[in-house]
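Have the sequence and the coordinates open as you read.

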Amino acid sequence: MSRPLVITDCDEVLLHMVGPFRDWLGEAHGIDFSMDHHDFARALRHRDSGEVVDVAKVWPLLNGFFDSEMHRQYPIAGSPEAMRELAAHADVVVLTNLLDHRRENRARQLADHGIAVRVFTNQGPKGPALQRILDEYRPSRAVFIDDLAQHHDSVAGIAPQVARLHLCGEPLLAPHIPCAHGAGHAHARIDDWASALPWLLERLYDEEGN
């Protein structure tokens with residue numbers, strides 16, 4: 001019989017990204033990052049002028065971070081322990097929106113933090129990629145974890161049977177991002193692993209009657 005399956009995002013769910021990205025922007029580029037609204041692109045400002053960084057330059061900056069600065073990332077509190085506990089009950093994979101050539105670096109990065117999982121890379125909405133994972137694993141039960149509401153919307157439209165948890169473990173972002181639970185696209189919003197783990201374990205066993 002197939003096992004349950006956990007499909008989780010990485011950045012701001014398992015590892016902090018925005019905090020290290022902010023630090024690097026300041027050190028290397030003289031750019032300040034202040035997330036005081038939901039528009040990530042407008043959170044970057046040139047320190048010398050106070051002007052918002054041209055949106056066309058934001059993606060190159062993000063790519064530069066993932067090219068050379070992933071070593072700055074560190075675990076969201078409780079995430080390695082939660083992944084190990086979940087792995088005792090289910091298959092666990094990561095579905096991360098990075099370019100495909102970064103898949104091995106992401107897997108190595110996570111393993112270095114005690115999270116040894118299979119990594120799937122994706123670009124764009126995550127629903128189609130998640131469905132391909134479901135087709136491969138054919139799990140008895142599946143849960144999806146992500147910090148961005150649009151991915152819960154995508155998954156809900158394609159695989160509504162999957163339990164969906166909106167989790168953002170980064171305090172710089174959590175108050176400012178749209179809530180997938182509030183929009184009706186996630187089954188819960190929990191931003192810390194101590195509370196999220198019991199919720200996830202309950203969903204893994206609900207359908208099995210255990």
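## Asp32 and Arg47

The side chains of Asp32 and Arg47 are joined by a polar contact of 2.8 Å. This comes from a predicted model, so every distance here is a computed one. The contact also qualifies as a salt bridge, with the closest N and O atoms of Asp32 and Arg47 2.8 Å apart. Because Asp32 sits in strand β2 and Arg47 in the loop between β3 (44–46) and α2 (55–68), the pair ties together parts that are 15 residues apart in sequence.

Are these two partners buried, exposed or in between? Asp32 has 34% relative accessibility and counts as partly exposed. Arg47 is partly exposed too, with a relative accessible area of 45%.

## Around Asp32

Strand β2, which holds Asp32, covers residues 31–33. Which residues does Asp32 touch once its neighbours within four places in sequence are left aside? They are Ala43, Leu44, Arg45 and Arg47.

## Arg3 and Asp91

How many salt bridges does the structure hold? There are twelve, and one of them brings together the side chains of Arg3 and Asp91, at 3.3 Å from N to O. This pair links distant parts of the chain: Arg3 belongs to the segment before β1 (5–8), while Asp91 is in strand β4 (residues 91–96), 88 residues apart.

Arg3 has a relative accessible area of 34%, which means that it is partly exposed. Asp91, at 26% relative accessibility, also counts as partly exposed.

Next comes a pair in another setting. Lys126 and Asp146 form a salt bridge in which the closest N and O atoms are 2.6 Å apart. Distant parts of the chain are linked here, with Lys126 in the loop between β5 (118–121) and α5 (127–137) and Asp146 in strand β6 (residues 142–146), 20 residues apart.

Why do both partners count as buried? Buried means under 20% relative accessible area; Lys126 has 1% and Asp146 has 0%, so each falls under that cut-off.

Which residues make up the salt-bridge network that includes this pair? Asp9, Lys126 and Asp146 are linked in it. As a general point, side chains of opposite charge can pair when their charged atoms come close.

Technical notes. Residues numbered from 1 in each chain as written. Predicted model: local features only at pLDDT ≥ 70, side-chain atom pairs only at ≥ 80, totals over all residues. Heavy atoms only, no water. Helix = DSSP H or I, 4+ residues; strand = E, 2+ residues; numbered from the N terminus. Contact = heavy atoms within 4.5 Å. Polar contact = N/O pair within 3.5 Å; in protein donor to acceptor, adjacent residues only side chain to side chain. Salt bridge = Lys/Arg side-chain N within 4 Å of Asp/Glu carboxyl O. Buried < 20%, exposed > 50% of the residue type's maximum accessible area, 1.4 Å probe, protein only.
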